[in-house]
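Take a moment with the model below. The text that follows walks through its sheet, its helix and its loops.

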Amino acid sequence: MKLLTGNDLPNGDVIWWTGQGWSRHVEDSVDVGDQGEAIAGAEEGARRVNAPYVIDATATPEGPRPAHIKDRVRALGPTVRLDLTLKPADPAAGSWVI
C-alpha cells in the first residue's frame, strides 16, 4: 500500500492523507495507490500541506504501518525519551566534544 504524508503548514506537525483531508494520526490514513503524486501536487498547490510525499506501507489490524523506520518514527510523533538522546562523549573511546 502507498500512504501520503507531509507536514502541516501552520505548525509543522506530521500529517497523513485520509482520502478526505489530513489527520495527525497514521491510523486514519488510506492507500493512495497510483494517485499519490497527483493528490500531493494538488494539496501542495492548494497550500494545505508542506512537502508531501508518498511512502510504502503495509496494512495491519491496527492500521497502516509505514515500511521504513524513518516514517514509523515520524508516525509516532515527537519524543522526549531520555534513552533516545545522544550520549555524552566518551574520551576513552576516542570521542571528542567540540
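Which residue in E2 is the bridge partner of Thr-5? In E2, that partner is Trp-16. Before going further, note the ground rules. This is a predicted model, in which local features need pLDDT of at least 70 and side-chain atom pairs count only at pLDDT 80 or more, while totals for chains, interfaces and linings use all residues. Residues are numbered from 1 along each chain as its sequence is written, and side-chain values use heavy atoms, with hydrogens and water left out.

Start with the overall layout. The secondary structure comes to two helices and five strands. Helices (H or I, at least four residues) and strands (E, at least two) are DSSP runs, numbered from the N terminus. Along the sequence the pattern reads β-β-β-α-β-β-α.

Now the sheet. Five strands form an open sheet in the order E3-E2-E1-E4-E5, with antiparallel pairing. Strands count as paired if DSSP finds at least two bridges between them. E3 and E5 are the edge strands, and each pairs on one side only.

Work across from E2. Strand E2 covers residues 14-17 and is joined to E1 by three bridges, the two running antiparallel. The hairpin of E1 and E2 has six residues between the strands. In that hairpin, Gly-12 takes a positive phi near 80°.

Strand E1 spans residues 2-7, and five bridges join it to E4, again antiparallel. Asn-7 stands opposite Asn-50 in E4. Strand E4 (residues 50-60) then meets strand E5 (residues 63-66) through four bridges, also antiparallel. In E5, Pro-64 stands opposite Ala-59, and Arg-65 stands opposite Thr-58. E4 and E5 form a hairpin with two residues between them.

Next comes the helix on the sheet. H1 lies across E1, E2, E3 and E4, and runs at about 145° to E4. For such angles, axes are lines fitted to C-alpha atoms, for helices over the stretch in contact, and values run from 0 to 180 degrees between N-to-C directions.

Which residues of H1 are buried? Helix H1 takes in residues 36-45, and Gly-36, Ala-40 and Glu-43 are buried. Buried means under 20% relative accessible area, exposed over 50%, and partly exposed in between (1.4 Å probe, protein chains only). Seen down the axis of H1, its buried residues fall within an arc of 75°, so they line one face of the helix. The arc is taken from the directions from the helix axis to the C-beta atoms. These buried residues pack against E1, E2, strand E3 (22-23) and E4. Contact here means heavy atoms within 4.5 Å. The face turned away from the buried side of H1 carries the exposed residues Glu-37, Ala-38 and Gly-45.

What makes up the largest nonpolar core? It has five residues in all: Leu-3, Trp-16, Val-26, Ile-55 and Ala-57. A nonpolar core is a set of buried Ala, Val, Leu, Ile, Met, Phe, Trp, Tyr and Cys residues joined through side-chain atoms within 4.5 Å. Ile-55 touches Met-1, Lys-2, Leu-3, Thr-5, Trp-16, Pro-66 and Asp-71, leaving aside residues up to four places away in sequence.

Some backbone and loop details deserve a look. Arg-47 sits in the loop between H1 and E4. Arg-47 is not a glycine, yet has a positive phi of about 60°. With a relative accessible area of 63%, Arg-47 is exposed. Ala-51 is found in strand E4. Ala-51 is not a glycine either, and has a positive phi of about 50°. At 39% relative accessibility, Ala-51 counts as partly exposed.

Glu-62 lies in the loop between E4 and E5. Its relative accessible area is 64%, so Glu-62 is exposed. Glu-62 and Glu-27 are 35 residues apart in sequence but 7.2 Å apart in space, C-alpha to C-alpha.

Finally, the totals. Buried residues make up 26% of the 98 residues in the protein. Of the contacts with a separation of 6 or more, 48% are between residues 24 or more positions apart. The protein exposes about 6800 Å², and carbon and sulfur atoms supply 57% of it. Accessible areas come from the Shrake-Rupley method with a 1.4 Å probe, and for residues only the protein chains shown count as cover.
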